[in-house]
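Hi,

Here is the structure I said I'd pass on.

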Amino acid sequence: MIVSLDWLKDFVSFKLAPQELADLLTGAGLESTVGENGDTLDIELTPNRPDCMSHLGVAREIALLTDAKLKQNDISLSESDQLVEDAVTIIIEDEKGSPRYSVRVVKGIKVGASPDWIVQRLEQCGIRSINSVVDISNYVLLELGHPLHTFDLGLVEGETIIVRSAKNNEKMVTLDGENRKLSSDHLLICDSKKPVGLAGIMGGENTEVTEKTTDVLIECAYFDPVTIRKGAKKLDLSSEASRRFERGADYDDVTAVLDRTAQLITQIAGGEICAGVVDCYPKVIKPKKVLLNRKRAESSIGVEFDDKFIRSTLDGLGIGHERKNDQYECIIPSFRPDLEREIDLCEELARVYGFDKIESKTTYVGDVTTILPDEERTVDELRDYFSGMGFNEVMTNSLLSEQDAQTFSELKPLPVANPLSREMSVMRPSLLPGLLGAVNYNLRRGENDLSLFEYGNVFQAEEKKWTESPQFSGVACGDRVSKGWRQDQHKNDFYLLKGVVCDLVQRFGFDGSFTELENSSVFSYGMRWETSSGWLADIGSVNSEILGYYDIGLPVVSINLNLELFNSTIEAVQFSKLPQFPRIDRDLSLSVPSSVTIGELESIIQENGTDLLRAKKLYDLYGGDQIESGMQGVTFSLSFRSDDRTLQDDEVDTIMEKIISETSSQVNAKLR
Amino acid sequence: MSLASKIDSVRDTFSKSLEKLSAGDATVIEKLRHEYLGRKGKVADLFSELGSVPESDRPEMGKLLNKLKSELTREIEKVKDAASTGTASPEKIADLSLPGDEVTMGSLHPITQTMREVKQIFQAIGFSVAYGPEIDDDYHNFEALNIPKHHPARDMQDTFYITDNDVLRTHTSNTQIHVMENQEPPVRVICPGRVYRNEAVSIRSYCLFHQVEGLYVAENVSLAEMKGTLEYFCRHFFGEEVKARFRPSFFPFTEPSAEVDITCLMCGGDGCSMCKKTGWLEILGCGMVDPAVLEMVGYDPVKWSGYAWGMGIERLAILKHGIDDIRLYFNGDVRFLRQFA
């Protein structure tokens, strides 16, 4: 809402500089900034304050805040002998939609250009001048805040206005030239034959005031806010009028608005005002009464209000009041639909008192134990772990294109009913599309060494329902460490993720082992860590079909954790006794046929190593020139220890011999 | 000479050569390795003599030879290592100017970092943490928060719908409702999470963002306490020198409602491009929980009162770190993320 400072002065005198005025209003809840030319204020109004959608309303606030007096327009009308009832008949058929409908008639006018002062003030507020009568209705709207409409009375057939709800699929052409298809949610203004206006939203083209108009019918009504809002929403049509009606117009100022309009029309366009107003107001709306208790107001705001402050504030707000001890019986003015309860009046007191003057307190009651959900701790631990491991945390969009989501064929995505665009039309069924999108984004910017992880909710459609569950996933490609002067290159590959899983298993104390993943729709190869209570982690290499879809030209590995399992492990670590006896280390160098996997070899070693074998590490693996073809060279370092005695070399030698002979007989390994 | 004593002598000569070795010369080390451990080296020679040892002694000799081989291999590896690291002795290093190792730490997302900071500040004064669903019904996202259907306040938040009655939550206030439905007062909780707005993506707005909302309900809670709590937050998050201003506003679920501004972090309040020349930056919305909301969750509004607030984490991080484009948070650009390591 843009207000002209000059215009405001018609209603209140103030000496504040524009910025001071803006600060004052902002401090009272009307967030204002000074316009570019310094002669206007731009006020961002909250939807509860329709009363301030006018110069009069803003002036009322200024008067209240500066202890000034609010001035009113000086209205004096000279009416002709013809009675308005003889010029037009009003019938309200829909009393719920239109509790009040009132008109005045001005005859014999000459529509022309508006005087400069009107043109300028409208321009300041961003409204273009059209002709004198249209300008006047805009002017009164901005001045008093109550929408009104002017019809060319000559085009209103049967000299009758009927206010009724529209029929489904009924059509009318509005002032903007659009042919609108209506429904029973809309309220119509009709003459005896046809619709002439879309009540509270926009007038009809067929009765528009033009240069040819001589007789004009001025409408000012109070329409039901919900009816207007529903109607405007349905047409996706928001106008200056509908915005005010749907927030609640003043039900009481209707005749004053008609008088002001008639006054300006005769002043500028001439003509004669028919005597009286047709004021169709079947059920008079009674003002609301609200009790305000001083003690309760003080307790909810946390300051002491004295009687003088309360009374002057209520006066300034236009609220009638009568005091009984600590109780004020308040009569709410017709322009404040937002004031309905005691708490609303408490807010008014606090607002006028000034939030900044309220002295802060920091007292709390109740239990001070802060409770953190288990998943919070798990996820924080995993986040720290992965970032410590060199992964960058990303957050990607939860909204995806259907095509992206369907790249992961086994998952059924959940569609959004009113998406922004096709690119964001379904909820993500997995974090992988977002992560691969991020990989693609970085590759295109020359960043090839990536390890990313994300934590977030994923969604899947089910029969008329959906699931929402947290997921923790990562992707990696390129180098983890590039070749340096004394460092070997380390790849972001499958073995990195395998190491991560083994480490996580140890840290969180899971049981279980790896099994190969088969028939994965995402991985070309991969493994799953299975525990006795379910799967813990999937790792694998993203298949080339998916990589192709994301235009990724290098191998990408991915990890997905089952958070449910992680959440269940939050228990204190149980200490195990430190070793009392020294260990014995041995190297084992073998050459084995290339067809033998390290896994097979390891299990033979573990089986025959007895429970004295505490650790084994594959420390060298080579093929090629250094060894005969069809064979691979492997070196393990093994370490043996007993919990109850110092091990002797002999004992370990015997075990080593057993290992060597078993590997030889089972997989043809030879000692090197 | 028996094979056993040959083994001992090879070990001896190797140790002597090793002692003479000066640090850092890779070619000399390689020569030594070749001399002893190469295919025709001294150790290989000894292995070939194994055949002429009496059969009864062979296993014993084999063991000794293997031991020698692994000992020498390990010694060679050690000096190789020392040579390459330049840490051959505690007294000397090859070249101090050599670059250090590449350390690969990752990073937490700036939203996560900011979220943690906010959570810690409130946890310190006894606020618990609660989470709620991102897809919720109209009742928990709107109705229970005193936003009836066909109320202009619905325009304040453009909403994504899943069905006519289920929405992508527009704020984490739905969690506050769930908490109050399941807990008797007093309540002291913060609700972090992802929220959605049906707004076109641009530098300034994104279709989703993250919030931390807070709620305190007890007996005789006043607006003065809300001020105290949120001022405490501003001091700890933005610094002692920053001032907070409470400005009356409107939210359907609070009455009275306020927005909190802080003095501009860039110009200190003089007015600049960051604060659009106002000197103030808006950081959060708050208010006293509307009695209608308390009633809806079954709390007696005569007995209980409280305050609630909500803030956007992206916004806080933007202000704190001077980030100029909200989309940077969500495209996964590692050049951006690594800055927050």
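Let's start with overall shape: chain A has a radius of gyration of 40 Å, whereas a compact globule of 672 residues would have one near 26 Å (taken over C-alpha atoms; the globule rule is 2.2 Å times the number of residues to the power 0.38). Along its principal axes, the C-alpha trace of chain A spans about 130 × 60 × 50 Å.

Before you dig in, some housekeeping. This is a predicted model, where local features need pLDDT of at least 70 and side-chain atom pairs count only at pLDDT 80 or more, while totals for chains, interfaces and linings use all residues. Residues are numbered from 1 along each chain as its sequence is written, with chains lettered from A and ligands numbered from 1 in the order in which they are written.

Chain A contains 20 helices and 35 strands (DSSP runs numbered from the N terminus: H or I of at least four residues for helices, E of at least two for strands). Buried residues make up 42% of its 672 residues. Here buried means 20 or more other C-beta atoms within 10 Å of the residue's own, exposed means 12 or fewer, and partly exposed is in between, with C-beta atoms placed from the backbone. Of the contacts in chain A with a separation of 6 or more, 67% join residues 24 or more positions apart; a contact is two C-beta atoms, placed from the backbone, within 7 Å.

Now the cores. The largest nonpolar core has 224 residues, and V216(A) and I265(A) touch the most other members. Such a core is a set of buried Ala, Val, Leu, Ile, Met, Phe, Trp, Tyr and Cys residues joined through C-beta atoms within 7 Å. Leaving out residues up to four places away in sequence, V216(A) touches I265(A) itself, and V106(A), I109(A) and D152(A) are among its other partners. There is also a second, separate core of 16 residues, including V592(A) and I659(A).

On to the interface: 74 residues of chain B are in contact with 81 of chain A. Helix α8 (residues 223–238) of chain B gives the largest share of chain B's side, 8 residues. By class, that side has 35 nonpolar, 23 polar and 16 charged residues (Ala, Val, Leu, Ile, Met, Phe, Trp, Tyr, Cys and Pro count as nonpolar, Asp, Glu, Lys and Arg as charged, and the others, Gly among them, as polar).

Helix α5 (residues 110–123) of chain B is worth a click too. Its buried residues include I111(B), M115(B) and F122(B), and the buried residues of α5(B) pack against α13 (374–388) and β20 (392–393) of chain A, as well as β5, β6, α8 and α10 of chain B.

Chain B is assigned domain 1 (3–85) and domain 2 (110–340), with bounds from an automatic or database domain assignment. The centres of the two, over C-alpha atoms, are 71 Å apart.

Finally, some backbone details to check. The peptide bond from P185(B) to P186(B) is cis, with omega near 0°, and P186(B) lies in the loop between α7 (173–182) and β5 of chain B. The bond from E255(B) to P256(B) is cis as well, with omega near -5°; P256(B) is in strand β8 (residues 254–263) of chain B. Over in chain A, D551(A) is not a glycine but has a positive phi near 55°. D551(A) counts as exposed because it has 11 C-beta neighbours inside 10 Å.

Cheers
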